Amino acid sequence: MDLKITDLTLASSSICADIAGFRETADNLDQRLSAVEAHIATTPDQEEELKSLRAKLTELEDRSRRDNVRFFGIPEQKEGSDIKTFLSSLLTNHFGIEFSPPPEFQKVHRIGPSHKASANKPRPIIACFLRHEQARQVISTAKARQPISLDGHEIRVAADFSRLMNDRRRAFLGLRPQLRSLDIKYGLFEPAHIHKRKDIRRTPSAVQSRTLHIYWIDGS
């Protein structure tokens, strides 16, 4: 019995030593990481270089997505077994687009796992067009003909952007209600800016001219 207790004591001491070693290693890694972060924070040139690299990577990602179009509101399973044929028919019969030549896709698929889909919130469909002009034609037609419906379901269309660009576009959400409350017309254009526009606001006494300044990606 004493021998077993001694063995357990030795094993416990070994485990405690291992835990202490792990903690020491973690502390060292944390200190090294803090030192790296502090070094980056104190070197403006590196910060500017990282910012420039992020901007270039975002631009490259958005360029790689320029032939993509996202479709929202299409019920699950509506596409059947051939999603490319279904989408081509949808664009012809419901969007009223007469393509020449017929649309060709590199790939078309639903976004996200099927178990998260529901009747009220079907997964979006993303289509990568073989021709950039056809992707642009779909987006412009959808804007001109909205609302577009399929069996009572409203179909919405959007260009495909990187996460960073989508965040920048969402930054305008707070600005848009303010412009509408002032009866100022505006337009959100790609990739993420609101064009300068002149709006004529009519009042009973006079016609007042109002100018909307440009709000670029960074909100300046």
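I take a residue as buried when its relative accessible area is under 20%, as exposed when it is over 50%, and as partly exposed in between. By that rule Glu79, at 12% relative accessibility, counts as buried. I keep in mind throughout that this is a predicted model.

**Overall look.** I began with the chain as a whole and found 6 helices and 9 strands. Of its 220 residues, 25% count as buried, and the accessible surface comes to about 15600 Å², with 53% of it belonging to carbon and sulfur atoms. Among contacts with a separation of 6 or more, I noted that 54% are between residues 24 or more positions apart.

**Arg110 and its two partners.** I then returned to Glu79 and looked up its charged partner, which is Arg110, in a salt bridge with an N to O distance of 2.7 Å. Glu79 lies in the loop between S1 and H3 while Arg110 lies in strand S2, so this pair ties together parts that are 31 residues apart in sequence. Arg110 also forms a salt bridge with Glu76, where the closest N and O atoms are 3.9 Å apart. Glu76 too is in the loop between S1 and helix H3 (83–93), 34 residues from Arg110. As for cover, I read Arg110 as buried because its relative accessible area is 10%, whereas Glu76, at 21%, counts as partly exposed.

**Arg70 and Asp160.** Of the 9 salt bridges counted, I next looked up the one between Arg70 and Asp160, whose closest N and O atoms are 2.6 Å apart. This pair links distant parts of the chain, with Arg70 in strand S1 (residues 68–72) and Asp160 in the loop between strand S5 (153–159) and helix H5 (163–170), 90 residues apart. Asp160 is buried at 3% relative accessibility, and Arg70 is partly exposed at 22%. I also noted that both belong to a network of salt bridges that includes Glu61 and Arg65.

Which side chain of opposite charge is nearest to Asp62? I found Arg65, 5.1 Å away, and Asp62 is buried yet has no salt bridge; a salt bridge would need a side-chain nitrogen within 4 Å of a carboxyl oxygen. Leaving aside neighbours within four places in sequence, I list Phe161, Ser162 and Met165 as the contacts of Asp62.

Terms used:
Residues are numbered from 1 along each chain as its sequence is written. This is a predicted model: local features need pLDDT of at least 70, side-chain atom pairs count only at pLDDT 80 or more; totals for chains, interfaces and linings use all residues. Side-chain values use heavy atoms; hydrogens and water are left out. Buried means under 20% relative accessible area, exposed over 50%, partly exposed in between (1.4 Å probe, protein chains only). Lys and Arg count as positive and Asp and Glu as negative; His and the chain ends are not counted. Contact means heavy atoms within 4.5 Å. Helices (H or I, at least four residues) and strands (E, at least two) are DSSP runs, numbered from the N terminus. Accessible areas come from the Shrake-Rupley method with a 1.4 Å probe; for residues, only the protein chains shown count as cover.
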